[in-house]
Amino acid sequence: MRMMRKTQLENYRKMLQAQKQTLLEKVKNSVDMNREDSSDEVKDAADFASDYYERELALGLSETERQRLQEVEDALDRIEGGSYGKCETCGSWIAPQRLEALPFAKLCIECKAKEERK
Ligand SMILES: [Zn+2]
């Protein structure tokens, strides 16, 4: 079994975290606009907080964006758990080119195509 290189994995992790950040920033901005007090205190609280806060924020996202956020978080979990980069259906490695384009992909291109034909 081939192992994914650590540097490669780190690269995907960065991409995923950037995507997560973009999604959360997007909704944070709209939340801040609705809030009169956008002092540093509020930002500190945001840094301090947690999954709970992120989930609250996620409520401000559209259905598609929430789904994407979930996929990104699942992918980050897979990196932690060591199963990142493997197809959930057939267990083979997902092509690096595919992960570069869609770092949260959990199916290889063949299984994805099969699923879409269903
Ligand atoms: Zn597959």
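**Model and confidence**

Numbering starts from 1 along each chain as its sequence is written. The model is predicted, so local features need pLDDT of at least 70 and side-chain atom pairs count only at pLDDT 80 or more, while totals for chains, interfaces and linings use all residues. Here pLDDT is the predictor's confidence in each residue, from 0 to 100. The chain averages 83. At least 70 is reached by 73% of the residues. Helix H6 (residues 109-117) has the highest confidence, with a mean of 95. Helix H2 (residues 40-48) has the lowest, with a mean of 53. Where pLDDT is low, the predicted coordinates should not be read in detail.

**Overall make-up**

The chain has six helices and zero strands. Its pattern along the sequence is α-α-α-α-α-α. Helices (H or I, at least four residues) and strands (E, at least two) are DSSP runs, numbered from the N terminus. Of 118 residues, 13% are buried. A residue counts as buried if 20 or more other C-beta atoms lie within 10 Å of its own, as exposed if 12 or fewer do, and as partly exposed in between, with C-beta atoms placed from the backbone. Two residues are in contact if their C-beta atoms, placed from the backbone, lie within 7 Å. Among contacts with a separation of 6 or more, 57% join residues 24 or more positions apart.

**The core**

The largest nonpolar core has eleven residues: Tyr12, Leu16, Leu23, Leu69, Val72, Ala75, Tyr84, Ile94, Leu99, Phe104 and Cys108. Helix H1 (6-33) and helix H4 (63-81) are the elements that give two or more residues to this core. Such a core is a set of buried Ala, Val, Leu, Ile, Met, Phe, Trp, Tyr and Cys residues joined through C-beta atoms within 7 Å. Beyond its neighbours within four places in sequence, Leu23 is in contact with Leu61, Glu65, Arg68 and Leu69.

**Helix H4**

H4 has 19 residues. From first C-alpha to last it reaches 27 Å, close to the 27 Å expected at 1.5 Å a residue. The expected span is 1.5 Å times one less than the number of residues. Leu69, Val72 and Ala75 are buried in H4. Seen down the axis, the buried residues of H4 fall within an arc of 120°, so they line one face of the helix. The arc is that of the directions from the helix axis to the C-beta atoms. An α-helix has 3.6 residues a turn, so residues three or four places apart point the same way. On the other side of H4, Glu63, Gln67, Gln70, Asp77 and Gly81 are exposed. Just after H4, Gly82 takes a positive phi of about 85°.

Glu80 and Arg66 are found in H4, and Lys14 lies in H1. Glu80 is exposed, with 10 other C-beta atoms within 10 Å. Lys14 is exposed too, with 11 C-beta neighbours inside 10 Å. Arg66 is partly exposed, with 16 such neighbours. The table gives a C-alpha separation for each.

| Pair | Separation along the chain | C-alpha separation |
|---|---|---|
| Glu80 and Arg13 | 67 residues | 9.5 Å |
| Arg66 and Leu24 | 42 residues | 9.9 Å |
| Lys14 and Leu76 | 62 residues | 9.6 Å |
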